[in-house]
Structure formats: C-alpha cells, structure tokens
Amino acid sequence: ANQPEAVFDFLKTIGVADEAQEVFIVLVLNTKNFITGYCEVSRGLVDRTHVACREVFRPALINGASKLL
C-alpha cells in the first residue's frame with residue numbers, strides 16, 4: 001500500500017469504492033506496508049460518519065498492526 005492507487009484498488013475489491021454513503025474503513029498494514037486486514041468501523045450518511053477513537057485502534061491492536069490507514 002505504498003501508492004494511493006493500490007489502496008483504491010483494494011477498496012474496489014472489497015466493494016467500498018462505489019458506496020453511496022460514507023464508510024470508515026481501517027486498513028491494517030505490516031512493516032512492509034502490505035495490507036494484512038481491514039475492518040469497517042462505521043457507516044454513516046451521505047456526507048459524514050461518526051467514529052470513536054477506540055473503534056479505530058481496536059483492529060490495529062487485535063491484528064498486531066505496524067501501521068494503519
């Protein structure tokens with residue numbers, strides 16, 4: 001996930017690139033910036049979504065992430 005295009009391609013494969021509403025996804029990365037997992041944290045309205053910090057960091061902690069997007 002070193003390039004924005006790679007992230008966009010991944011989001012297309014999981015079906016979120018064309019959503020009509022806001023979807024907050026956490027992408028879990030390893031030390032080599034490979035996407036090792038993802039989690040949908042929140043689904044909102046057309047222009048916003050509510051997200052709590054603990055919901056963002058939980059997938060990173062559970063999956064032992066080095067980085068997250």
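Which residue forms a salt bridge with Arg43, and how far apart are the closest N and O atoms? The partner is Glu19, and those closest atoms are 3.0 Å apart. The pair links distant parts of the chain, with Arg43 in strand S2 and Glu19 in the loop between H1 and S1, 24 residues apart. Please keep in mind that this is a predicted model. The mean pLDDT of the protein is 87, and 99% of its residues reach 70 or more.

**Overall architecture**

- The protein has two helices and three strands, and their order along the sequence is α-β-β-α-β.
- A compact globule with 69 residues would have a radius of gyration near 11 Å, and the 12 Å of this protein agrees with that.
- The C-alpha trace spans about 35 × 30 × 15 Å along its principal axes.
- Buried residues make up 25% of the 69 in the protein.

**Confidence by element**

- Strand S1 (residues 23-29) has the highest mean pLDDT among the elements, at 91.
- Helix H2 (residues 53-62) has the lowest mean pLDDT among them, at 88.

**Salt bridges**

- Side chains of opposite charge can pair when their charged atoms come close. Here the structure holds three salt bridges.
- Besides Glu19, what else does Arg43 meet in a salt bridge? The side chain of Glu40 does this, at 3.0 Å from N to O.
- Because these salt bridges share partners, Glu19, Glu40 and Arg43 are joined into one network.
- How exposed are the members of this network? Arg43 has a relative accessible area of 39%, so this residue is partly exposed. Glu19 is partly exposed as well, at 32%, and Glu40 falls into that class with 38%.
- Lys12 forms a salt bridge with Asp9, where the closest N and O atoms are 3.9 Å apart. That distance still qualifies because the cut-off is 4 Å.
- Both Lys12 and Asp9 lie in helix H1, three residues apart, which is about one turn of the helix.
- Lys12 counts as partly exposed at 44% relative accessibility, and Asp9 counts as partly exposed at 39%.

**The aromatic pair**

- A pair of aromatic rings is described by the distance of the centres and the angle of the planes.- One such pair is held by the structure. The rings of Phe10 and Tyr38 have their centres 5.6 Å apart and their planes at 75 degrees, so the arrangement is edge-to-face.
- This pair also links distant parts of the chain: Phe10 is in helix H1 (residues 4-13) and Tyr38 in strand S2 (residues 35-43), 28 residues apart.
- Tyr38 has 45% relative accessibility and therefore counts as partly exposed.

**A nonpolar surface patch**

- Which residues form a nonpolar patch on the surface? They are Phe57, Leu61 and Leu68, and together they have about 310 Å² of accessible area.
- Leu68 belongs to strand S3 (residues 67-68).
- With 31% relative accessibility, Leu68 counts as partly exposed. Patch members need over 30% relative accessible area, so Leu68 passes that cut-off.

Key:
Residues numbered from 1 in each chain as written. Predicted model: local features only at pLDDT ≥ 70, side-chain atom pairs only at ≥ 80, totals over all residues. Heavy atoms only, no water. Patch = residues over 30% accessible without salt bridge, like charges linked within 9 Å, V, L, I, M, F, W, Y side chains within 5 Å. Areas by Shrake-Rupley, 256 points an atom, 1.4 Å probe, with all protein chains shown as cover. Helix = DSSP H or I, 4+ residues; strand = E, 2+ residues; numbered from the N terminus. Buried < 20%, exposed > 50% of the residue type's maximum accessible area, 1.4 Å probe, protein only. pLDDT = per-residue confidence, 0-100. Phe/Tyr/Trp six-rings, centres within 6.5 Å; stacked < 30°, edge-to-face > 60°. Rg over C-alpha atoms; globule rule 2.2 N^0.38 Å.
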